[in-house]
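Let's take a friendly walk through this structure. Keep the sequence and the 3D view open as you read.

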Amino acid sequence: MDWDKLRIFHAVADAGSLTHAGDTLHLSQSAVSRQIRALEESLNTTLFHRHARGLILTEQGELLFDATSAMNRRLETAEARIRDSEEEVFGELRVTTTTGFGSLWLVPRLPKLYEKYPDLKIDLMLEERVLDLPMREADVAIRMKEPSQADLIRRRLMGVHMRLYASPDYLDAHGRPEVMEDLSDHRLICQNTTSFQVSAGARLVQELLTHQVPSTLTINNYFGVLQGALSNLGIGVLPDYVIEDFPNLERVLPEVESNEVPVFLAYPEELRQSKRIAAFRDFVTEEIIAHRRRKKAEAGE
């Protein structure tokens with residue numbers, strides 16, 4: 001099968017348009033169309049349904065696109081390994097983590113990483129869905145549970161607890177709860193227990209809601225919960241790592257917290273030698289060690 005025709009087919013399937021694929025490949029629409037027709041003739045099948053709004057893959061086209069996508073990911077992996085210099089860290093690094101951890105912990109610390117490696121290009125994907133690392137949907141992940149996929153290198157970074165926090169202004173106006181039953185006088189800001197989140201956080205919220213909480217604000221990520229707490233809307237259920245950067249928030253009911261949530265960094269075995277992965281891994285590890293040292297110093301240990 002002609003590699004060049006497969007490359008053109010993949011671009012067309014990805015773009016859904018001969019014109020857009022031609023722009024990407026620096027070819028005319030007619031040249032792209034000829035290559036697609038030739039590929040269809042060589043396979044004796046139709047790869048696209050053609051209509052006024054663009055191109056849609058046929059069942060046979062879907063099968064071929066799956067194959068070319070897998071080939072493309074393998075080529076990207078090979079390119080990444082070839083480009084990883086022994087001395088320099090540069091190029092694209094695709095990182096995935098949750099919206100809360102990424103926006104509240106990781107992004108504020110990235111200036112230090114860019115200062116050290118100014119040619120690094122980070123594509124940060126913040127979502128609760130677990131991306132498939134072996135299939136190269138991302139290069140490295142920070143996850144709130146130990147990854148179950150095979151062929152991954154994993155490192156436990158730290159443990160997180162969900163706790164209760166509120167602004168001093170809110171607590172001055174509405175009182176400071178002393179026991180769980182006092183939550184019946186307050187608004188709770190949290191993730192909905194049915195939303196995608198760590199199970200320890202959902203269980204804590206379920207327990208809190210048994211205390212006749214009269215008003216709630218549910219938000220589907222911890223960044224929104226934090227903004228609600230900072231805006232004096234109520235008592236927020238938040239991961240403890242946010243407090244280092246928002247020390248003005250006051251902890252409420254200090255004896256109340258979730259079970260520990262383990263945080264893991266993971267990446268594919270095939271990227272073991274990647275200098276970009278190593279740079280990112282070491283940066284995150286150093287930031288967490290520094291965080292632990294600050295906590296010990298504050299505790300007077």
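**Starting at Ile8**

Leaving aside residues up to four places away in sequence, Ile8 touches Leu25, Leu27, Val32, Gln35 and Ile36; a contact here means heavy atoms within 4.5 Å. Before going on, a word on the ground rules: this is a predicted model, where local features need pLDDT of at least 70 and side-chain atom pairs count only at pLDDT 80 or more, while totals for chains, interfaces and linings use all residues. Residues are numbered from 1 along each chain as its sequence is written, and side-chain values use heavy atoms, with hydrogens and water left out.

So where does Ile8 sit? You'll find Ile8 in helix H1 (residues 3–15). Helices (H or I, at least four residues) and strands (E, at least two) are DSSP runs, numbered from the N terminus. Ile8 counts as buried because its relative accessible area is 1%; buried means under 20%, exposed over 50%, and partly exposed in between (1.4 Å probe, protein chains only). Gly22 is 14 residues away from Ile8 in sequence, and their C-alpha atoms are 8.5 Å apart in space.

Now look at the strands. S1 (residues 48–51) and S2 (residues 54–57) run antiparallel and are joined by four bridges; two strands pair if DSSP finds at least two bridges between them. With two residues between them, S1 and S2 form a hairpin. To spot one of the bridges, find Arg50, whose partner in S2 is Leu55.

Next come the aromatic rings. How many aromatic pairs does the structure hold? There are four. One of them is Phe101 with Trp105, a stacked pair at 5.0 Å centre to centre and 20° between the planes. For the cut-offs, rings of Phe, Tyr and Trp (its six-membered ring) pair if their centres lie within 6.5 Å; planes under 30 degrees apart count as stacked, over 60 as edge-to-face and the rest as tilted. Phe101 and Trp105 are both in helix H5 (residues 99–106), four residues apart, which is about one turn of the helix. Both Phe101 and Trp105 are buried.

Another pair is Phe280 with Phe283, tilted this time, at 6.4 Å centre to centre and 50° between the planes. These two are separated by about one helical turn because they lie three residues apart in helix H10 (residues 275–298). Phe280 counts as buried because its relative accessibility is 0%, and Phe283, at 7%, counts as buried too.

Finally, go back to Phe101 and Trp105: ring pairs link them with Tyr241 into a cluster.
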